[in-house]
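I opened the coordinates and made notes as I went. The entries follow the order in which I looked things up.

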Amino acid sequence: MIYLDAAATTPVRADVLQAMWPYLSGEFGNPSSAHELGALADRALRGARSDVAAWLGARPSEIVFTASGTEADNLGIQGIALAAPRGRHVVTSAIEHPAVAETCEFLARVHGFEVTVVAVDRDGRVDPGRFRAALRPDTTLATVMLASNEIGTVQPVAELAAAAHEHGIPFHTDAVQAAGSLGLDVRELGVDALSLSGHKLGAPKGVGALFVRGRLSLEPVIHGGGQERGRRSGTENVAFAVALAAAVRGRRAAGPELSRRRDGFVDEVLRTVPGAVLTGSPADRLPGHASFCFPGTGGEIVLLELERQGILCSSGSACAAGRTEPSPVLLAIGLEPDVATTAVRFTFGDDVSDDDLRTTAAALRSVMGSITALA
């Protein structure tokens, strides 16, 4: 099997399983308990928070553990927008993950916010000038993802955050997809809030984190016992926090070899598969991300045929699996609906070799040839 769906999830690493196991077995205490088992859990949680903070260039007090990247997005966006709003206006982009797009829509529907959605170009990039023009004196928050899960395009987040700060506007970024391969130093990015998900990094599904700059007020979206410094109630999942910390400990941005491998695969597909169209930016994209449309076919048919040959990939966002309508992201970059439904995404890390990618390109040629012959 060749696994090319790392954007959907990654396998849990052996060292991560080893790190979390004690807190699923003997050291099972509640970190809020005063006895020794509770103290052991509390120390583990503090250590995990420090490790995640160090990886991001943040302070431990600025890390909130969540149950997912989706929850981190909800907390970051709702939490900042509702805590101390200077107005009721949010700026976002046209290609955000549903966790961001639908949270902004919730603010509009329930809390009366106005949401400005900034268009993107054919490569899926937000133009900084267009972004600046959307900012207003009553803008409470701007949120633009660091990298697209569907098309791999990397946004100029540092520049966008600086533009927001010129107007005194906090800036949040969904870094869930970027975390596996890009550097995420929040000082370099200049962001005020950043969302993560563990299962994109070799940790289990069910853990995420939100960085939120210490000076910002944050309205919780889950109320109860006041855990996480009152920002996210609920008994902390110590084992999974430890797992996230183990996954990020010592992690570095992907090296140039992964980008070289990606570029070789993209070139071979575009050269040998008639009609293949690359989606997303050719240059400003995630290192292990190659996404295409194949006009005249169906993305799901291509996926099924590739799976029969032992190759697992995706038609786009795993969160939209099973939907038949065209992806809003692909429509936002100007693709026609009938072309958008032919999307196929290949995402991978360092464990995928050049030979794996050559095998995949050859299988894709064969599949496309068979589909074309039957059309």
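**Entry 1**

I began with E228, which counts as buried at 5% relative accessibility; the cut-off for buried is under 20%. I note that the model is a predicted one. I placed E228 in the loop between strand 8 and helix 8. Its phi is positive, about 55°, although E228 is not a glycine. I kept the background in mind: most residues other than glycine have a negative phi.

I then checked R229, which is found in the loop between strand 8 and helix 8. R229 is not a glycine, yet it has a positive phi of about 60°. Is R229 buried or exposed? I read a relative accessible area of 66%, so R229 is exposed.

**Entry 1: helix 8**

I followed the chain into helix 8, residues 238-248. Eleven of its eleven residues are buried, so the rest of the structure largely encloses helix 8. I listed the buried residues, among them V238, F240, V242, L244 and V248. The alanines A239, A241, A243, A245, A246 and A247 are also on the buried list of helix 8.

What do the buried residues of helix 8 pack against? I found two helices, helix 1 (14-20) and helix 2 (36-56). I also found two strands in that packing, strand 2 (63-66) and strand 8 (208-212). Just after helix 8, I noted that G250 takes a positive phi of about 75°.

**Entry 2: the nonpolar cores**

I looked up the largest nonpolar core and found 70 residues in it. L56, F131, F171 and L184 have the most contacts inside this core. Helix 8 gives the most to the core, with eleven residues. Apart from it I found another core, of 27 residues, which includes V269, F292, L303 and I371. As general background, nonpolar side chains in soluble globular proteins tend to be buried together.

I took L56 for a contact list, leaving aside neighbours within four places in sequence. L56 is in contact with I63, L184, D185, V186, L194, L196 and F211.

I turned to strand 7, residues 193-197, and found five of its five residues buried. Which residues of strand 7 lie on each side? I have A193, S195 and S197 on one side, with L194 and L196 on the other, and all are buried. In a regular strand the side chains alternate between the two faces of the sheet.

I checked the pairing next. Strand 6 (residues 171-174) pairs with strand 7 in the parallel sense, over three bridges. T173 stands opposite L194 in strand 7. Strand 8 pairs with strand 7 in the antiparallel sense, over five bridges. I noted L210 in strand 8 as the bridge partner of S195.

S197, in strand 7, counts as buried at 4% relative accessibility. With neighbours within four places in sequence left aside, S197 is in contact with G69, V176, V207 and G208.

**Entry 3: the second largest pocket**

I read off about 590 Å³ of space for the second largest pocket. It is lined by 27 residues, and T10, G180, R251, F348 and G349 are the closest to its centre. I sorted the lining by class and got eleven nonpolar, ten polar and six charged residues.

I found an open sheet of three strands, in the order 9-10-12 with antiparallel pairing. Strand 9 (277-278) and strand 12 stand at the edges with a single partner strand each, so one side of each is left without a neighbour in the sheet. I counted five bridges joining strand 10 (residues 289-293) to strand 12. H289 stands opposite T347 in strand 12.

I ended with D350, in the loop between strand 12 (343-347) and helix 13 (354-374). D350 counts as exposed at 58% relative accessibility. Leaving aside neighbours within four places in sequence, I have D350 in contact with L258 and R261. I also looked up the spacing of D350 and P287: 63 residues apart in sequence, and 10.0 Å apart in space, C-alpha to C-alpha.

Notes
Residues are numbered from 1 along each chain as its sequence is written. This is a predicted model: local features need pLDDT of at least 70, side-chain atom pairs count only at pLDDT 80 or more; totals for chains, interfaces and linings use all residues. Side-chain values use heavy atoms; hydrogens and water are left out. A nonpolar core is a set of buried Ala, Val, Leu, Ile, Met, Phe, Trp, Tyr and Cys residues joined through side-chain atoms within 4.5 Å. Buried means under 20% relative accessible area, exposed over 50%, partly exposed in between (1.4 Å probe, protein chains only). Helices (H or I, at least four residues) and strands (E, at least two) are DSSP runs, numbered from the N terminus. Contact means heavy atoms within 4.5 Å. Two strands pair if DSSP finds at least two bridges between them. On a 1 Å grid over the protein atoms alone, a cavity is a set of points where a 1.4 Å probe fits but cannot get out, and a pocket is an open set with protein on both sides within 12 Å along at least five of seven lines; lining residues have an atom within 4 Å of a point. Grid points are joined across faces, edges and corners, and a volume is the space filled by probe spheres set on the points. Ala, Val, Leu, Ile, Met, Phe, Trp, Tyr, Cys and Pro count as nonpolar, Asp, Glu, Lys and Arg as charged, and the others, Gly among them, as polar.
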